[in-house]
Amino acid sequence: MSARAETESKRGEALARYETVVGLEVHAQLKTESKIFCGCSTKFGARPNTQVCPVCLGLPGVLPVLNERAVRFAVMTGLAVGAEIAPRSVFARKNYFYPDLPKGYQISQYDRPLCIGGSVEIHAQDAWKRIRLVRIHLEEDAGKSLHPEGREGVDTTRVDLNRAGVPLIEIVSEPDIRSGGEAYDYLVRLKQILVYLDVCDGNMEEGSLRCDANVSVRPRGQTAFGTKTEIKNMNSFRNVERAIAFETERQIGILEEGGRIVQETLLWNADKGTAETMRSKEEAHDYRYFPEPDLLPLDLTPEWIESVRATLPELPHDLRGRIQREFEIPEYDAEVLSETRALATYYEETARRSGNGKLASNWVMTEVNGIRNKTGQSIEEFPIRPDRLGDLVRMIASGTISGKIGKQLFELMLKDPEGPETLVRKHGLLPIDDEASLRAIAREVIAANPGPAAEVRAGKERTFAFLVGQAMKQSRGRAHPEKIQDALKKELEEGA
Amino acid sequence: MSADLLHASAEAIGRSVVAKERSAAEVAEFFLGRASRTAERLGTYLHRDPERTLDAARAVDRRIAAGETLSPLAGVPVALKDNLCTRGVPTTCGSRILEGYRPPYDAHVVERLREAGAVSTGKTNCDEFAMGSSTENSGYFPTRNPWDLDRVPGGSSGGSAATVAAREAPLALGSDTGGSVRQPAAFCGVVGLKPTYGAVSRYGLVAFASSLDQIGPFARNARDTALLFNAISGRDARDSTSRAEAKPVMLDEVERGAGGLRIGLPRDLIGEGLDPEIGAALDRVARSLEGAGARVLDVSLPHAKYSIATYYLIAPAEASSNLARYDGVRYGIRKPGRDLIDMYGATRGAGFGREVRRRILLGTYALSAGYYDAYYLRAMKVRTLIRKDFSDALARCDAILLPTTPTPAFRLGEKVDDPLAMYLNDIFSIPASLAGVPALSFPAGFSKSALPIGLQLVGRPFEEATLLRIARAWESIEDVTDRVPPLVEDGARA
């Protein structure tokens with residue numbers, strides 16, 4: 001064994017002795033038209049500081065007024081994950097100084113959050129696992145600090161307050177996650193729920209979904225938690241996974257060398273694939289939370305909460321189960337097809353129209369998603385609408401056309417909005433199954449291949465397949481695959 | 001005509017303008033003329049713009065000419081405390097940190113006054129961010145008491161109280177967090193009302209302590225106070241803590257006299273430290289009201305003695321957060337620093353005065369991890385007890401009568417170096433602030449040294465009318481509202 005391999009193997013053994021413990025804090029921007037405490041637009045990408053007013057600029061004398069829609073969206077999320085909705089929750093001020101925080105405090109919730117508990121189911125090593133939630137609370141987003149390349153020696157920071165006051169929910173998980181992979185799956189499924197609810201667009205690049213991870217390790221079998229670190233600045237789900245893997249190894253490395261983990265906040269550097277210290281425990285902020293005196297406690301009646309529950313759409317978990325049963329498809333298919341609400345709808349329409357759920361599933365998963373993966377189209381933009389695809393799948397399922405012709409038709413349908421029945425005729429792709437036409441093809445093939453024909457007549461069975469292939473080629477795949485064999489056999493006998 | 005306006009009530013001025021007996025512009029010119037002779041000596045205004053005032057008055061005249069029906073405050077000059085936002089007009093809260101700041105919007109009350117046809121005379125001096133009891137904490141200059149220039153006008157709304165007392169304006173708005181309307185009203189011999197918390201929208205009032213701040217009117221008599229209160233009160237959707245229960249005070253109600261009312265005296269609070277002349281005034285007013293048909297009884301406010309301690313935890317805590325926005329990043333002054341933190345320190349160190357810095361530190365400490373439970377949380381619990389004291393006492397009586405201040409106006413410089421002595425001056429005004437109930441200071445007469453004495457009435461939530469009714473009853477017994485400060489006589493002669 002080489003020295004290097006030996007090191008690797010030892011490292012692997014060390015890793016196996018430990019368990020990773022992760023809790024995630026996810027910030028999701030709510031898709032309201034206006035900000036949480038004023039009427040300014042929340043639209044992303046406007047020119048800096050054009051979507052602001054005295055309230056979100058934190059000018060002297062202004063007061064916040066809570067956006068009811070933001071409350072509704074937060075409650076929808078809470079209900080979707082099975083959280084308890086607090087009949088009374090309280091806004092609190094989180095005080096800290098930063099140029100992109102106009103008031104010098106963020107209005108958030110502290111000891112009395114809007115939603116308590118709940119859980120998100122993830123798929124971990126081929127089994128379902130429940131990640132419990134601590135809470136979901138409402139708060140306002142801060143602005144954005146931009147650090148453009150200043151002139152030499154001049155340190156310039158520019159502040160864009162368009163984002164200041166955009167409603168956020170913070171979703172805090174229990175430390176139930178055991179690996180970067182589980183964290184990844186948790187994020188995928190949480191995002192899926194938010195997007196199904198249409199309360200968040202889930203775009204991590206635009207910052208509408210953000211995630212911090214609390215990571216610790218402990219020897220397997222130990223129940224007490226190790227010292228945790230917090231990692232920030234991960235701008236994709238994959239980076240969350242990578243950062244957790246990195247931090248797990250770093251912590252185990254320290255422990256294996258007899259060291260101690262220091263409680264600190266780390267900043268993930270995606271380019272280097274490492275995390276660097278941002279601030280230590282001693283430098284941690286004291287946010288001096290206290291109840292926000294400018295807002296009344298948020299009181300929600302059971303009737304109102306139930307009225308929100310009544311508007312909840314079908315959620316990924318329920319939809320998955322339903323289409324699996326209704327269309328008799330495997331769990332895997334149901335999972336792929338329920339990735340988004342729109343894809344599931346597309347599939348359902350295709351499946352109903354075709355009358356063959358499994359075949360429809362194959363076509364959507366393989367052909368439709370195959371093209372979309374290349375083009376980046378959303379399912380809404382996909383040129384073949386589900387009624388057309390349903391017709392195509394029905395034609396294949398009923399044996400009207402072969403799968404091979406089906407694929408040719410599919411290619412044509414990408415460019416031509418006509419239905420498959422019309423296109424089949426337009427492009428002469430109708431199957432050839434009448435005796436006379438098939439016999440004519442057979443004769444041509446035998447005439448063109450006298451040698452192989454002789455071999456078959458002499459009893460060489462295997463060469464017959466060659467002739468069948470030639471006949472299919474001659475008919476451009478349209479010849480009925482069984483009937484052409486009969487035609488060939490008859491022509492070979494008659495011509496002998 | 002001039003003498004007319006000098007002694008005319010705001011109500012009479014407004015009615016005469018509506019009746020086109022005189023123009024709003026004439027009225028404005030009269031009061032601008034008075035202010036031009038006294039305002040500088042008194043230090044009443046931080047910002048005056050006579051042209052703007054006249055333009056506003058002319059606009060009111062045009063509205064009346066066009067047949068618009070305006071309120072009884074049409075054409076009445078109103079002075080605005082400098083912590084009320086006025087669009088395009090400097091609003092500094094008496095602080096250097098907001099030097100040159102002009103808000104892009106009007107406070108709710110400023111909008112309401114414009115609709116009513118009132119005319120702003122300018123922005124009055126105050127203790128920086130309303131923190132103080134003498135207007136000596138203004139970042140610019142102190143205000144003087146029109147009755148004695150060596151004495152303070154009280155604070156923090158000292159400029160507003162003094163400008164009404166000096167007859168530079170018939171009306172003014174101030175803000176009251178722990179007594180900042182009532183105490184200067186008492187020191188200056190005018191009426192000052194702190195409305196029920198939630199009766200007047202705070203939108204556009206620069207926050208000091210959000211759970212205590214209320215905008216309140218100054219006037220020379222109860223009826224004018226009612227009119228100004230009516231012009232600014234009521235629910236405003238932009239202030240979530242403003243309340244629909246706030247209803248206008250009917251003048252008929254104010255005129256009903258004290259007969260049948262039960263007036264409580266909180267003997268346990270009125271004790272040592274009270275100036276004997278104020279104690280005597282209290283007894284005299286109580287007896288007079290009794291004579292007018294009211295019943296006077298003793299009530300108890302057992303937790304009121306903890307008010308100052310409680311207030312000086314809650315108010316600074318909220319202030320420390322409210323004042324965090326003055327960081328030099330977006331508006332106001334900015335002092336350069338080596339880095340961001342240094343810039344914050346330099347800006348806030350230069351922009352805030354000693355008292356403001358003291359309260360920010362106090363509040364920051366009270367909210368800090370490990371101290372929150374012992375200080376802020378405990379103070380909130382005591383506040384609940386004080387609130388209950390008032391609801392219990394006010395179940396037995398219709399209003400509580402007590403002094404506004406322990407002494408009449410003190411001398412400039414007398415307490416500036418002794419913050420505790422300054423804080424203790426608010427012992428009678430702070431309890432009602434913590435309870436959120438309405439409280440009114442009215443002129444009860446003068447001390448032997450010719451300083452005004454104010455007494456206070458505290459009532460049930462949204463029952464401002466009862467307080468004004470009692471004050472009006474007292475005016476009809478002993479009217480002190482006609483007396484004009486000697487300085488003003490000088491000014492009038494000049």
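Let me start with the contact between the two chains, to which chain B brings 33 residues and chain A brings 24 residues. Keep in mind that this is a predicted model.

On the chain B side, three helices each supply at least two of the residues that touch chain A: helix H11, residues 307-322, helix H12, residues 340-351, and helix H13, residues 354-367. Which of them gives the most? That is H11(B), with three residues. By type, the side of chain B that touches chain A has 18 nonpolar residues, eight polar ones and seven charged ones.

Now to chain A, and to a few of its strands. Strand S13, residues 229-234, pairs with strand S14, residues 264-269, in the parallel sense, and three bridges hold that pairing. To find the place on screen, look for A:Glu230, which stands opposite A:Thr265 in S14(A). How does the chain get from S13(A) to S14(A)? The path goes through helix H5 of chain A, residues 237-256. This β-α-β crossover is left-handed.

S14(A) has another partner, strand S15 of chain A, residues 274-280. Here the two strands run antiparallel, and six bridges join them. One pair to look for is A:Glu264, opposite A:Ser280 in S15(A). S14(A) and S15(A) form a hairpin with four residues between the strands. In that hairpin, A:Gly273 takes a positive phi near 70°.

So, to recap chain A: S14(A) pairs in the parallel sense with S13(A), and S14(A) runs antiparallel to S15(A).

Definitions and conventions
Residues are numbered from 1 along each chain as its sequence is written. Chains are lettered from A and ligands numbered from 1 in the order in which they are written. This is a predicted model: local features need pLDDT of at least 70, side-chain atom pairs count only at pLDDT 80 or more; totals for chains, interfaces and linings use all residues. Two residues are in contact if their C-beta atoms, placed from the backbone, lie within 7 Å. Ala, Val, Leu, Ile, Met, Phe, Trp, Tyr, Cys and Pro count as nonpolar, Asp, Glu, Lys and Arg as charged, and the others, Gly among them, as polar. Two strands pair if DSSP finds at least two bridges between them. A crossover is right-handed if, with the strands pointing away from the viewer, the path from the first strand over the helix to the second runs clockwise.
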